[in-house]
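Subject: Structure handover

Hello,

Here is the structure for your files, with notes on what turned up in it. Please read the notes with the coordinates open.

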Amino acid sequence: MTGKTCIYRMLTLFQSVMARKPLMLSVFVLVFWVIHFASKEHIKFSSLRNPAPLNHWSIFRKFLYSETLLNPVVPVSETEVKVKEILGKLDRLIPSRPFTNENTTTSATHSTATILNQQDSYCTGDQLHILLEMRDHLGHRKEYGGDFLRARMSSPALKAGASGKVTDFNNGTYLVSFTLFWEGQVSLSVLLIHPSEGAAALWRARNQGYDRVVFMGQFANGTSQVSSECGLTLNTSKELCRYLDVRDQEAFYCERPQRVPCEALTHMRTRNRAISYLTKEEWSLFHKSNVGVEMMKNFTSIKVLSCNKSENMEEKCQIGMKSPFPSGYALKGKWNTAFCKQIKFSEIKNINDCLERKHIYLMGDSTLRQWIYYFKKVVTTLRNFDRDKIGIFETHVLLDIERHILIQWKKHSYPFVTQKLFSVKDENYIPREIDRVAGDKDTVIVITLGQHFRPFPIEIFIRRTINIKKAIQRLFLRSPDTKVIIKTENTRELHPNTEMFSDFHGYIQNLVMRDVFVDLNVGIIDAWDMTVAYCTNSIHPPDYVIGSQIDMFLNYIC
């Protein structure tokens, strides 16, 4: 209203039309220059010195700017409230356990295990329960829980294995429950991976800093390359390139090389920095001899009989089913689900029939890239698109033109931890990739992430997971028939660099995934459960485990 009054008063000073024309022209020129200079300020996004905190976002890129105008940003507080809620749950689950001497921490040797329902033999389908009473190295009873345990039963001669379920009573006692899935001689195992004091130390150390991994960015500078330090955060006074996703509150930074534009970033690699947030006493808990210690060394195997029992699953495996734990078991090297009727895709024709007319998008890390290698090996009609030689981190595409099959793998964006150089020219976060998928009844998306997030504060992983959930919800609004499957993180080697890559971090991330996706109509492939059952202990499980995962995938989509 004030602006209109001002213009009216100016016009009344110039009554004649001839006098008004120059005035209006001057006003127009003035407005034009104001807009011009204001827009120039927006362009200077790449040379700001201090990274803004995540809760004060500005618009830095043209596509984000236009998108913001068309689609108002969801209030930052919505995501932040959910992040803090999950962080609060985890902090309560993993309270601080300070100690001054290793002798006061949990000892697998001094703790006791008792079979509660001891029998000469059992029947398939029975439950077997073991009570654990934890003691420290001095023999004193532990009065709190939080130990990181892994329970497994197995029959090596049958190539059989299954996870056990551990219930923590938070008073130093645990109940380990096994479902006896097969007949034969069965061995029982409970490993103390980390004592509660070690788990609490890993949790505290993880959330203390981002600087254990150094990202080195490579910028194109004519015919040469210039390197610069990058990261999820950077503590520096140097000029920064800021690569921000405003909507999803994702950020990545690089120190700006002199006289090189930020847009010239082409490649990235990482290395570990010699930094630890663990004390000398805490490190003693992660010596090789203290990780994954067996608690049931003195137990003999149990006998399981069929007892003429048989459980026939009536309902076929399908998207949206709740996956229990354990979700199944391995027998004769093959995976068997415990909660739905499973079809075995043993012949190539059956697999081809299932995949026909399907567009399959694999989004995640190298444990999902293994799928595309497996498909190529098993389904001989699939061909690499365009080129036979492709970098391992570049997008992989398989095609079967005759059957209209497309399978694509693309890695997730930062953080991606590897010493090998990888291109970031086509870098995109998974939520943005999901937004690009039109979707229909023949479209399938498989998502996994976790291994590359372990060395960083859990907040990054929680936020990314929430953003993926929101992207899936948007996808279901426009294409409700699209199938989405979440492959959980798998276990890996027990000993290398425990502070950064312990399976404890992966276990916590699996809890986060299940919490975030609990109400979504998605399929779950429990790679964690499978790799415990198969006892692979490798970041890249062997082909027979990948085959079991893909068999479950085919059951969900066909």
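Cys354 is buried at a relative accessible area of 3%, where buried means under 20% relative accessible area, exposed over 50% and partly exposed in between (1.4 Å probe, protein chains only). Cys354 is joined to Cys558 by a disulfide with an S to S distance of 1.7 Å; a disulfide here is a pair of cysteine sulfur atoms within 2.5 Å. The two cysteines are 204 residues apart and link distant parts of the chain, with Cys354 in helix 7 (residues 348-355) and Cys558 in the segment after helix 14 (543-557). Helices (H or I, at least four residues) and strands (E, at least two) are DSSP runs, numbered from the N terminus. Cys558 counts as partly exposed, at 31% relative accessibility. The torsion about this S-S bond is about 90°, so the disulfide of Cys354 and Cys558 is right-handed.

Before the rest, the basis of the values. This is a predicted model, in which local features need pLDDT of at least 70 and side-chain atom pairs count only at pLDDT 80 or more, while totals for chains, interfaces and linings use all residues. Residues are numbered from 1 along each chain as its sequence is written, and side-chain values use heavy atoms, with hydrogens and water left out.

Other disulfides

The structure holds 5 disulfides. Counting bonded cysteines along the chain, their pattern is 1-6, 2-4, 3-5, 7-8, 9-10.

One of them joins Cys123 to Cys307, S to S 2.0 Å. This pair also links distant parts of the chain, 184 residues apart: Cys123 is in strand 2 (residues 122-123), and Cys307 is in the loop between strand 15 (302-305) and strand 16 (328-331). The disulfide is left-handed, because the torsion about the S-S bond of Cys123 and Cys307 is about -75°. Cys123 counts as buried at 18% relative accessibility, and Cys307 as partly exposed at 35%.

Another joins Cys241 to Cys262, S to S 2.0 Å. Cys241 lies in strand 11 (residues 240-245) and Cys262 in the loop between strand 12 (250-255) and strand 13 (265-272), so the bond ties together parts that are 21 residues apart in sequence. This link is left-handed, with -85° about the S-S bond. Cys241 is buried at 0% relative accessible area, and Cys262 counts as buried at 1%.

Largest pocket

The largest pocket holds about 910 Å³ of space. Pockets were found on a 1 Å grid over the protein atoms alone: a cavity is a set of points where a 1.4 Å probe fits but cannot get out, and a pocket is an open set with protein on both sides within 12 Å along at least five of seven lines; lining residues have an atom within 4 Å of a point. Grid points are joined across faces, edges and corners, and the volume is the space filled by probe spheres set on the points.

The largest pocket is lined by 30 residues, and the closest to its centre are Leu149, Val166, Phe325, Tyr507 and Leu511. Strand 4 (148-155), strand 6 (165-168), helix 12 (503-516) and helix 13 (527-534) each give two or more residues to the lining. Helix 12 provides the largest share, 6 residues. By type, the lining divides into 16 nonpolar, 8 polar and 6 charged residues; Ala, Val, Leu, Ile, Met, Phe, Trp, Tyr, Cys and Pro count as nonpolar, Asp, Glu, Lys and Arg as charged, and the others, Gly among them, as polar.

Helix 13 is largely enclosed by the rest of the structure, because 8 of its 8 residues are buried. Trp528, Asp529 and Tyr534 are among them. Cys535 follows helix 13 and has a positive phi, near 55°. Cys535 counts as partly exposed, at 42% relative accessibility.

An open sheet is formed by 7 strands in the order 19-20-21-18-23-24-25, with mixed pairing. Strand 19 (383-384) and strand 25 (523-525) are the edge strands, each pairing on one side only. Two strands pair if DSSP finds at least two bridges between them. Strand 18 (residues 359-364) and strand 21 (residues 405-411) run parallel and are joined by 6 bridges. Gly364 stands opposite Lys411 in strand 21.

Met134

Met134 is in strand 3 (residues 127-136) and is buried, with a relative accessible area of 0%. Leaving aside neighbours within four places in sequence, Met134 is in contact (heavy atoms within 4.5 Å) with residues including Leu149, Tyr174, Leu192 and Met295. Met134 and Tyr174 are 40 residues apart in sequence and 8.3 Å apart in space, C-alpha to C-alpha.

Regards
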